[in-house]
Amino acid sequence: MKLGLVGQHIQKTQSNRLHTWLGRQYGLDVSYELFDLVLDDTPALAELLHRLGEQGYRGVNVTHPYKVKAWDIVGERRHTPAGLGALNTVVFEAGGIVGTNTDCSGFGRAYRAAQPGLNPGRVFVKGTGGVGRAVAFGLAALDAEHIYLYDEQAASQQQLLADLQAGGARASTVAAAEVDDCIRGCDGLVNATPVGHYSTPGLAFAAGLLGGQRWAFDAVYTPVMTEFLQGAERAGLNLITGFELFLHQGIDAFEFFTGIKVDPDVARQGVSHV
């Protein structure tokens, strides 16, 4: 079974290791190729995906910065909220390209494991691109008390707000001047930007703003302990690492590719969290 990953700056991913490991555990000969490409627009991504389908690939994962573009390419979306607007997994079928978003479901699983029985509360989400959209809809599915959105791209945050509210979520955007006060008053903090990734190092949330919140999540998992999560740990917050999202979204993706139900303990044995 030929699988792959389409994105930028993906050479340190463990997706290939996870999927080939799961293939061996469940009796499949799985290959997983990395397509680390700069694609100019949605038509360029569509051309690539159609070509991979013609070359016999079963499906591919799609990561930054192509998740939103993938939404408009697929012919059918499954197991994904109607307004989410981003996909990270596609399968090539006889009738066309089918897509889903396992970041959304994977975040839900990761949160419930870290904070069993606890509502997410008031959550500040920084970044409203592909992964930000998935996490925000995941928070809505968890019945978060309120979701506060911030992105330097005003159009992006306004669109996500409209889509969340259309689905009944309690959400609002935050003006730049109000960001610090909002962060201090929240229960949870989410970094859904690339800041902190090995290719884009930095601190997603200033250390002086951390403390008083209950939990923190960083979508970045290379490295796992980003500067943000290190600061959150020192401030006493409960951590949800990007590795946990990676693991659970990968399990869901493998199940989408193959139809095989995966044991999370088996999946965890195949990848490193350090």
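Trainee: Why is Ala 253 called buried?

Mentor: The relative accessible area of Ala 253 is 0%, and buried means under 20%, exposed over 50% and partly exposed in between (1.4 Å probe, protein chains only). Ala 253 therefore counts as buried. This is a predicted model, in which local features need pLDDT of at least 70 and side-chain atom pairs count only at pLDDT 80 or more, while totals for chains, interfaces and linings use all residues. Residues are numbered from 1 along each chain as its sequence is written, and side-chain values use heavy atoms, with hydrogens and water left out.

Trainee: Where does Ala 253 lie, and which residues is Ala 253 in contact with, leaving aside its neighbours within four places in sequence?

Mentor: Ala 253 belongs to helix H9; helices (H or I, at least four residues) and strands (E, at least two) are DSSP runs, numbered from the N terminus. With those neighbours left aside, Ala 253 is in contact (heavy atoms within 4.5 Å) with His 19, Asn 61, Thr 89 and Thr 102. Val 91 is 162 residues from Ala 253 in sequence, yet their C-alpha atoms are 9.7 Å apart.

Trainee: How many salt bridges does the rule find across the interface of domain 1 and domain 2?

Mentor: The rule finds one. The domain assignment, which is automatic or from a database, gives domain 1 as 2-99 + 245-270 and domain 2 as 105-240. Their C-alpha centres lie 24 Å apart.

Trainee: How do you know that domain 1 and domain 2 touch, and what area is buried between them?

Mentor: In domain 1, 22 residues are in contact with 19 residues of domain 2. The area buried between the two domains is about 1,600 Å², with carbon and sulfur atoms giving 63%; buried area is the accessible area (1.4 Å probe) that two parts lose on being put together, summed over both. Six residue pairs between the domains are in polar contact, both residues being at pLDDT 80 or more. On the side of domain 1 that touches domain 2, helix H3 (67-71) and helix H9 (242-258) each supply at least two residues. H9 gives the largest share of that side, six residues.

Trainee: Why is Thr 193 called buried, and what joins its side chain to that of Asn 191?

Mentor: Thr 193 has a relative accessibility of 17%, which counts as buried. Its side chain is joined to that of Asn 191 by a polar contact of 2.7 Å. A polar contact is a pair of N or O atoms within 3.5 Å; within protein, one must be able to donate a hydrogen and the other to accept it, and residues adjacent in sequence count only if both atoms are side-chain atoms. A polar atom of the Thr 193 side chain also lies 3.1 Å from the backbone nitrogen of Val 195. Thr 193 is found in the loop between strand E10 (188-191) and strand E11 (215-218).

Trainee: What makes the salt bridge of Arg 133 and Asp 163 a link between separate parts of the chain?

Mentor: The two side chains meet at 2.4 Å, N to O. Arg 133 lies in helix H5 and Asp 163 in helix H6 (residues 154-166), so the pair ties together parts that are 30 residues apart in sequence. Arg 133 is buried at 6% relative accessibility. The structure holds ten salt bridges, and Glu 76, Arg 78 and Glu 93 are linked in a network of them.

Trainee: Which peptide bond joins His 64 and Pro 65?

Mentor: The bond is cis, with omega about 5°. The bond from Thr 222 to Pro 223 is cis as well, with omega near 10°.

Technical notes
Salt bridge = Lys/Arg side-chain N within 4 Å of Asp/Glu carboxyl O.
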